[in-house]
Amino acid sequence: MADMPRVCGRFAPSPSGRMHAGNVLCALLAWLSVRAQGGHMVLRIEDLDPDRCTRAYAAQLEEDLHWLGLDWDEGGLSAGGDYLQSACTARYAEAFHALAARGLTYPCFCTRAALHAASAPHLSDGRVLYSGACRNLTASEVAARASVRRPAMRLRVPDEDVCFVDGVYGTVCENLAQETGDFVLRRADGVYAYQLAVVVDDGRMGVTEVVRGCDLLSSTARQLYLYRLLGLTPPHFTHIPLLCAPDGRRLSKRDRDLDLGCIRANCNAPEPFLGQLAFLAGLLDRPAPLSARELIPYYTRARLPRQNVVLSPKTYRALCNQT
């Protein structure tokens with residue numbers, strides 16, 4: 001019998017601010033899944049957006065991961081190069097031009113205001129379904145508009161369902177044309193889009209599983225379509241519930257909700273915090289101070305909840321180890 005391929009997982013944070021409890025939950029579960037299977041862990045820094053992402057935040061992120069006891073086998077700032085998206089523009093350009101050469105892309109001159117106009121169809125998660133307004137522009141129309149405004153570049157999608165089996169939500173299907181629409185591969189400012197970059201990166205790094213927040217569930221069909229077009233093998237996806245503040249808001253770096261600065265200022269050690277997160281994720285029957293490595297035997301996808309976790313005020317305080 002042939003050997004089973006090695007499990008390879010990744011944590012791929014965006015260094016746009018201090019990690020919060022929801023980010024840590026994602027990092028913890030991705031790490032536990034890999035370590036429980038004796039797999040290989042990659043740390044990739046997704047710093048595509050030069051206006052929001054900094055090396056200082058990336059360095060702080062790595063220091064926080066070390067404090068939490070979440071290690072990795074390859075990647076990170078010290079590895080540089082392939083593990084920093086900001087250094088991989090040429091790779092994304094190569095993939096983009098391969099798609100463009102097949103006639104699968106087109107320029108889009110729509111403004112953000114036009115895309116979010118009240119008449120545009122909005123999806124349940126707040127995304128706007130692109131109308132295809134620029135899909136069939138003539139060469140002369142493209143030239144005229146390009147003289148005034150630099151376009152984004154979109155990928156043409158077919159009217160078909162893309163289905164996959166998620167580790168938490170089971171079989172998920174999405175019709176690309178009806179529920180996603182043609183999507184952006186390269187922004188008007190020349191920055192390549194997350195959807196393309198993450199597929200190129202996971203494909204070339206041999207990532208076999210992705211554990212991430214359920215806010216990215218709707219991205220999966222688009223990414224699977226790109227895997228197919230680029231001839232890459234997709235990973236298995238597991239989308240975990242989000243941690244929400246007591247008022248129901250999802251935790252946000254912008255709001256500094258339960259960031260690691262708050263938590264580390266009030267916790268002498270990471271074990272009580274990690275035990276609380278493991279309890280919220282369904283891995284423990286009750287909170288218990290355990291290290292990341294001590295939590296490995298408790299990890300199983302079957303125990304992960306399907307609904308987002310709303311933190312009660314009591315739990316909110318407990319995560320910071322406050323009385």
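Trainee: Which residues in α7 are buried?

Mentor: In α7, the buried ones are Q195, L196, A197, V198, V199, V200, D201 and D202. Buried means under 20% relative accessible area, exposed over 50%, and partly exposed in between, with a 1.4 Å probe and protein chains only. This is a predicted model, where local features need pLDDT of at least 70 and side-chain atom pairs count only at pLDDT 80 or more, while totals for chains, interfaces and linings use all residues. Residues are numbered from 1 along each chain as its sequence is written, and side-chain values use heavy atoms, leaving out hydrogens and water.

Trainee: What makes helix α7 mostly covered?

Mentor: Eight of the 11 residues in α7 (194-204) are buried. The elements that cover these buried residues include β1 (8-11), α3 (89-101), β8 (183-186), β9 (209-213) and α8 (220-230); contact here means heavy atoms within 4.5 Å. The labels follow DSSP runs numbered from the N terminus: helices are H or I with at least four residues, strands E with at least two.

Trainee: How do you know that C163 and C173 form a disulfide?

Mentor: A disulfide is a pair of cysteine sulfur atoms within 2.5 Å. The sulfur atoms of C163 and C173 are 2.0 Å apart, and the two form a disulfide. C163 lies in strand β6 (residues 161-166) and C173 in strand β7 (residues 170-175), so the link ties together parts 10 residues apart in sequence.

Trainee: Is C163 buried or partly exposed?

Mentor: With a relative accessible area of 43%, C163 is partly exposed. C173 is partly exposed too, at 42%.

Trainee: Why is the sulfur of C108 too far for a bond with the closest cysteine sulfur?

Mentor: That closest sulfur, in C110, is 3.8 Å away, and the limit is 2.5 Å. C110 is in no disulfide either; its nearest cysteine sulfur, that of C134, is 3.8 Å away. As for C108, its 4% relative accessibility makes it buried.

Trainee: What is the order of the three strands in the open sheet?

Mentor: They run β4-β5-β8, with antiparallel pairing. The twist averages 45° from one strand to the next; angles run from 0 to 180 degrees between N-to-C directions, and axes are lines fitted to C-alpha atoms, for helices over the stretch in contact.

Trainee: How do you know that β4 and β5 pair?

Mentor: Two strands pair if DSSP finds at least two bridges between them. β4 and β5 (residues 152-155) have four, in the antiparallel sense. The bridge partner of P107 in β5 is M153.
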